[in-house]
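Thanks for coming. I will go through one structure today, beginning with a single residue and then widening the view.

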Amino acid sequence: MLSPAVLLLLAWMIVPLTMTIYFSFLRYNLLSPGINAWAGWSNYQYFLTDPAFFAALTNTLLLVVGVLLITVIGGTLLALLLDQPIWGQGVVRILVLAPFFVMPTVSALVWKNMFMNPVNGLFAYAAKAVGLQPFDFLAHAPLASIILIVAWQWLPFAALILLTALQSMDQEQMEASEIDGAGPFSRFFYLVLPHLSRAITVVILIQTIFLLSIFAEILVTTNGGPGYASTNITYLVYAQSLLQFDVGGGSAGGIIAVILANIVAIFLMRMIGKNLEA
Amino acid sequence: MARAISTRRQITVTILAWVIGITIFFPILWTILTSFKTEAEAIASPPSLFMFDWTLENYGEVQERSNYFRHFSNSVIISLGSTVLGLLIAIPAAWSMAFVPAKRTKDILMWMLSTKMLPPVGVLIPIYLIFRDTGLLDTRIGLVIVLTLVNLPIITWMLFTYFREIPGEILEAARMDGAMLWDEIVHVLTPMAIPGIASTLLLNVILAWNEAFWTLNLTAAKAAPLTAFIASYSSPEGLFYAKLSAASTMAIAPILILGWFSQKQLVRGLTFGAVK
């Protein structure tokens with residue numbers, strides 16, 4: 001009974017991955033069909049020595065770490081706030097959660113045009129209102145702008161999961177510590193944070209999986225530019241293979257992306273494995 | 001006295017929470033409001049929040065210019081189709097893992113989770129070429145197949161965590177009472193499994209509706225769902241704020257509503273049952 005699901009997933013993993021590995025050793029360009037010469041390691045050499053690769057690698061890491069920092073810290077604070085007695089808590093929860101359900105292309109375009117546009121955007125209007133020069137976010141700080149957009153999408157997710165974890169805290173323990181004279185900070189660091197550690201691990205794991213493959217937000221806002229300023233590995237491989245039709249080079253990039261994701265995955269699985277057993 | 005302090009504290013916390021909540025929601029609110037403005041009012045300076053001539057013309061124009069409804073139905077077919085197909089494949093797998101666990105069950109589950117970590121660019125080129133050669137490029141059935149496979153691990157995991165909570169003793173009790181296999185499935189198991197299946201369905205429709213790697217790369221004009229259609233506004237159409245807003249509002253509204261119903265399941269589904 002198990003087999004169909006497992007077989008399908010196996011096929012989905014192995015067949016295309018094997019093809020990618022095979023292509024990555026060919027000199028194969030869709031613009032010159034028929035010429036599929038063996039290329040050895042030259043595609044990898046080309047990809048790894050391309051200055052764009054290091055730009056993309058750095059951007060990928062900055063994007064993942066930046067968004068994780070904002071969402072985990074912001075999400076914890078937000079969860080602590082929403083855990084307090086609030087009038088209309090259900091409605092506030094819905095307001096906070098909403099960005100998570102907005103499709104990536106919509107959120108990226110709304111931020112790009114209606115907020116960050118240097119002529120008609122709301123930020124430009126606010127800057128002019130207080131006498132400042134409007135700032136062209138996506139031209140001068142493309143990666144930071146994308147981090148902001150992506151963090152806006154993922155903050156609700158972190159907040160919701162951490163809030164769920166907070167609500168399962170032992171209230172008697174909290175009260176007891178209060179009676180024993182523990183201040184809010186020592187309660188946070190000695191009781192709340194350890195209780196949240198598992199949920200935080202889960203948030204980091206799941207977000208990293210999705211953040212390593214950010215694509216749509218870059219495609220519709222900056223196209224990876226200016227230059228390579230906002231290109232991540234996913235976008236670089238896409239550009240190499242589907243915009244420049246270089247199947248060989250793109251495949252080598254794809255395999256490098258898989259290897260990098262695996263390195264991250266090993267760390268994360270180990271972390272989560274430890275946390276989940278307990 | 002203590003009472004008074006705690007009320008004052010509650011007022012402060014409430015105000016703070018509402019301010020932050022509205023700030024986070026504001027881009028969505030602004031999009032919805034802009035969709036009811038004329039193009040001139042949408043970029044007017046100073047911008048007006050509510051005091052403008054409300055109009056519905058953008059919604060009509062988006063449909064007229066670009067056959068919006070076709071993209072909308074593509075989204076419905078692709079997200080529902082891939083979820084239902086995924087459920088049909090995953091239910092037997094999750095069922096057997098939950099009720100007849102073998103030594104390898106945990107390994108298989110972890111392996112399924114690890115397939116989710118395969119970056120899609122690692123298989124983009126072969127999938128693209130296979131689709132091109134088999135005529136699946138820019139078809140709805142092609143996307144249904146890909147999204148089914150992409151979400152299969154999450155569907156299986158979610159179902160597994162729900163099924164695991166169904167007590168096995170209840171089956172023994174039913175058998176003692178003389179239930180046949182068929183009665184067991186229809187009257188005992190199905191009613192207990194349906195809430196879990198419904199939550200899984202809900203969450204995966206949301207995920208598939210918003211999926212924006214494969215839908216952008218494997219479709220052109222014909223099978224493009226809303227994610228890809230909205231991306232076509234990136235330039236220069238995006239400068240028509242009111243129309244962009246109308247198209248966006250219609251694209252996110254169904255999922256916002258579904259999402260609000262699925263808050264609880266969302267946590268559980270996306271954390272693979274690790275946080276409940």
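Predicted model: local features only at pLDDT ≥ 70, side-chain atom pairs only at ≥ 80, totals over all residues.

Where is Asn223(A) placed? It sits in the loop between helix H11 (216-221) and helix H12 (233-243) of chain A. Its phi is positive, about 55 degrees, although Asn223(A) is not a glycine.

Asp138(B) is in the loop between helix H6 (121-134) and helix H7 (140-163) of chain B. Phi of Asp138(B) is positive too, near 60 degrees, and Asp138(B) is a residue other than glycine. Asp138(B) counts as partly exposed, with 17 C-beta neighbours inside 10 Å.

Is H12(A) largely enclosed or largely open? Nine of its 11 residues are buried, so H12(A) is largely enclosed by the rest of the structure. The buried residues include Ile233(A), Tyr235(A), Leu236(A) and Val237(A), and also Gln240(A) and Ser241(A). Just after H12(A) comes Phe245(A), which takes a positive phi of about 60 degrees.

Now chain A as a whole. It has 13 helices and two strands. Its C-alpha atoms fill a box of roughly 75 × 60 × 35 Å along the principal axes. Of its 278 residues, 44% count as buried. Taking the contacts in chain A with a separation of 6 or more, 69% are between residues 24 or more positions apart.

Chain B is divided into domain 1 (2-34) and domain 2 (68-270). The C-alpha centres of these two domains lie 34 Å apart.

Next, how the chains meet. How many residues does each chain bring to the contact? Chain A brings 73 residues and chain B brings 79 residues. On the side of chain A that touches chain B, helix H1 (residues 3-23) gives the most, with 12 residues. By class, that side of chain A has 61 nonpolar residues, 12 polar residues and no charged ones.

One helix pair between the chains can be looked at in detail. Two packed helices are described by the angle between their axes and the distance between the axes. For helix H8 (residues 142-166) of chain A and helix H13 (residues 263-270) of chain B, the axes come within 10 Å and cross at roughly 95 degrees. Angles of 65 to 115 degrees count as roughly perpendicular, so H8(A) is roughly perpendicular to H13(B). From H8(A), the contact is made by Leu160(A), Ile161(A) and Thr164(A); from H13(B), by Gln263(B), Leu266(B) and Val267(B). Those residues divide into four nonpolar, two polar and no charged.

One residue links the last two topics.

Definitions and conventions: Residues numbered from 1 in each chain as written. Chains lettered and ligands numbered in written order. Helix = DSSP H or I, 4+ residues; strand = E, 2+ residues; numbered from the N terminus. Buried ≥ 20, exposed ≤ 12 C-beta atoms within 10 Å, placed from the backbone. Contact = placed C-beta atoms within 7 Å. Domains from an automatic or database assignment. Nonpolar A, V, L, I, M, F, W, Y, C, P; charged D, E, K, R; others polar. Axes fitted to C-alpha atoms, helices over the stretch in contact; angles between N-to-C directions. Parallel < 35°, antiparallel > 145°, perpendicular 65-115°, else oblique.
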